[in-house]
Amino acid sequence: MAGLQSYVDQRVLLILQDGRAIVGVMAGYDQKSNVVLSDSKERVYSMDEGVEEIPLGLYLVKGDQIVLIGELDEAADKAVDLSAIRAEPLPPIRY
């Protein structure tokens with residue numbers, strides 16, 4: 001829990017159990033590691049087209065759905081041309 005505090009007000013990337021990648025500014029979290037993101041977007045990867053960003057706005061993610069949280073370097077992220085990236089979508093995690 002204490003580790004999440006350093007991500008508050010930072011731009012982060014969340015990878016969820018269903019394979020979705022969500023980018024946003026971490027507005028807060030709670031004791032169950034539920035995360036609130038502001039100005040969030042889902043990044044949808046495809047082998048046929050570039051990365052599509054779907055605006056989500058203010059978004060709540062349940063803590064038990066989060067696989068990974070990582071801070072994004074905004075300068076490096078803006079320098080990447082997402083329309084040129086081709087990648088397979090992440091498969092959902094199966095138990």
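Reply: Happy to! This is a predicted model, in which local features need pLDDT of at least 70 and side-chain atom pairs count only at pLDDT 80 or more, while totals for chains, interfaces and linings use all residues. Residues are numbered from 1 along each chain as its sequence is written, and side-chain values use heavy atoms, with hydrogens and water left out.

Let's begin with the whole chain. It has 2 helices and 5 strands, arranged along the sequence as α-β-β-β-β-β-α. Helices (H or I, at least four residues) and strands (E, at least two) are DSSP runs, numbered from the N terminus. With a radius of gyration of 13 Å, close to the 12 Å that the globule rule gives for 95 residues, the chain is as compact as a globular protein of that length. That radius is taken over C-alpha atoms, and the globule rule is 2.2 Å times the number of residues to the power 0.38. Of the 95 residues, 32% count as buried. Buried means under 20% relative accessible area, exposed means over 50%, and partly exposed lies in between (1.4 Å probe, protein chains only).

Now for your salt bridges. A salt bridge here is a side-chain nitrogen of Lys or Arg within 4 Å of a carboxyl oxygen of Asp or Glu.

One partner of Arg-43 is Glu-53, with the closest N and O atoms 2.8 Å apart. Arg-43 lies in strand E3 and Glu-53 in strand E4, so this pair ties together parts that are 10 residues apart in sequence. Arg-43 counts as buried at 9% relative accessibility, whereas Glu-53 is partly exposed at 33%.

Another partner of Arg-43 is Asp-77, and here the closest N and O atoms are 2.7 Å apart. This pair links distant parts of the chain: Arg-43 is in strand E3 and Asp-77 in helix H2 (residues 74-79), 34 residues apart. Both of these residues are buried. Through shared partners, the salt bridges join Arg-43, Glu-53 and Asp-77 into one network.

Arg-20 and Asp-18 form another salt bridge, their closest N and O atoms being 2.8 Å apart. Arg-20 is partly exposed at 26% relative accessibility, and Asp-18 is partly exposed too, with 35%.

Asp-48, Glu-49, Glu-52 and Glu-88 make up a negative patch.

A nonpolar surface patch is formed by Val-67, Leu-68, Ile-93 and Tyr-95, with about 460 Å² of accessible area together. Val-67 belongs to strand E5 (residues 66-71) and is partly exposed, at 45%.

One last stop is the backbone. Most residues other than glycine have a negative phi. Asp-9, which is not a glycine, has a positive phi of about 70°; its place is in the loop between helix H1 (2-5) and strand E1 (11-16).

How values were computed
Patches are made of residues with over 30% relative accessible area and no salt bridge: like charges are joined within 9 Å, nonpolar side chains (Val, Leu, Ile, Met, Phe, Trp, Tyr) within 5 Å. Accessible areas come from the Shrake-Rupley method with a 1.4 Å probe; for residues, only the protein chains shown count as cover. Lys and Arg count as positive and Asp and Glu as negative; His and the chain ends are not counted. The place of a charge is taken as NZ of Lys, CZ of Arg, CG of Asp or CD of Glu.
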